[in-house]
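Please look through the model below before reading on.

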Amino acid sequence: MFVPPVAGACAELSGESAAPALADWCAGLRGAALTIDGLSCRFGGLVAVDDVGLQVEAGEHVALVGTNGSGKSTLLRAVLGLQGRSRGRIVLDGTDARSPGEWDARRRLAPWIPQRQATGRFPLTVDELLDSSGHRAAAVGVATRLGVAALARQPLHTLSGGQLQRCFIARAFGAMANGGRLLLADEPTAALDFDGRDTVAGLLRALPASVLVATHDRAVAARCDRVLEMANGRVREVRM
Ligand SMILES: Nc1ncnc2c1ncn2[C@@H]1O[C@H](COP(=O)(O)OP(=O)(O)OP(=O)(O)O)[C@@H](O)[C@H]1O
Ligand SMILES: [Mg+2]
């Protein structure tokens, strides 16, 4: 049976450059359960997600691995209503979102680190991105931990790929502090250097909330409670 992590895991969020505010907001986090049942998503004739059922318990961390094109991003996007479904239920914290208002609430409950980070049509700065999380202190704290807080005034389109990914990770942690209960992370370490990968794997592990992370990074998967594998749109459990 899954046992939720105890408080104190939050210490990892502060790291060596102790940022007391991080431990404060982290202590208030809690996870929400996600139940996906019979979910299918199609692109024309292609079935990208094929009759998938999966459960993430409140506070559980689940990795989704699998080959390129197997349906991981499509599944995460479907949880957020960014991807239409042809059938199935996606229940987060007891609600299967259908109305626009329910989808708005869903996106607040489930902050997302997208696989491809868009810099937007207007020149948003790092500071503005972190602010948009809804919890500036937490986002800036994680940005500090990830070494990108000093880039605050820089427009997003001037950042390197890894710097941009770090900023979106920091924003998502801020959104978790602002009421998020399930973090949906889509290959959050793909653009990062070796140290960055380790740091982010540790930050994810320390988050006392639910996490569903699509990843090709063994370090991230190894630190999850369970690993699911996707192949041709279907999901199977590979490690408890
Ligand atoms: N907007 C789209 N229109 C048409 N086909 C799409 C679209 N988005 C994804 N697909 C297809 O759906 C399948 C699943 O794609 P998805 O992005 O979910 O894979 P993934 O497992 O996340 O892969 P990766 O590991 O490369 O990120 C692929 O065959 C892809 O080509
Ligand atoms: Mg993907």
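Which residues does Leu 212 touch, not counting residues up to four places away in sequence? Leu 212 touches Leu 34, Val 56, Val 62, Leu 64, Leu 76, Leu 182 and Leu 184, where two residues are in contact if their C-beta atoms, placed from the backbone, lie within 7 Å. This is a predicted model, in which local features need pLDDT of at least 70 and side-chain atom pairs count only at pLDDT 80 or more, while totals for chains, interfaces and linings use all residues. Residues are numbered from 1 along each chain as its sequence is written, and chains are lettered from A and ligands numbered from 1 in the order in which they are written.

Leu 212 belongs to the largest nonpolar core, which has 70 residues, and those with the most contacts inside this core are Ala 143, Ala 170, Leu 182, Leu 212 and Val 213. H7 gives the most to this core, with ten residues. Such a core is a set of buried Ala, Val, Leu, Ile, Met, Phe, Trp, Tyr and Cys residues joined through C-beta atoms within 7 Å; a residue is buried if 20 or more other C-beta atoms lie within 10 Å of its own, exposed if 12 or fewer, and partly exposed in between, with C-beta atoms placed from the backbone. Of the 240 residues of the chain, 45% count as buried, and among contacts between residues at least 6 apart in sequence, 72% join residues at least 24 apart.

The chain's secondary structure comes to nine helices and ten strands, taken as DSSP runs (H or I, at least four residues, for helices; E, at least two, for strands) and numbered from the N terminus. Helix H7, residues 161-177, reaches 25 Å from its first C-alpha to its last, close to the 24 Å expected for its 17 residues at 1.5 Å a residue, the expected span being 1.5 Å times one less than the number of residues. Because 14 of the 17 residues of H7 are buried, this helix is largely enclosed by the rest of the structure. Gly 179, which follows H7, has a positive phi, near 110 degrees.

Helix H3 (residues 72-79) has seven of its eight residues buried, so H3 too is largely enclosed by the rest of the structure. Just after H3, Gly 81 takes a positive phi of about 75 degrees.

Four strands form an open sheet in the order S2-S1-S4-S5, with antiparallel pairing; two strands pair if DSSP finds at least two bridges between them. S2 and strand S5 (95-96) stand at the edges, each with a single partner strand, so one side of each is left without a neighbour in the sheet. Seven bridges join strand S1 (residues 34-43) to S2, and the bridge partner of Cys 41 in S2 is Val 49.

Asp 93, in the loop between strand S4 (87-92) and S5, has a positive phi near 50 degrees although a residue other than glycine, and is partly exposed, with 17 other C-beta atoms within 10 Å. Asn 232, found in the loop between strand S9 (226-231) and strand S10 (234-239), has a positive phi of about 50 degrees and is not a glycine; with 13 C-beta neighbours inside 10 Å, Asn 232 counts as partly exposed.
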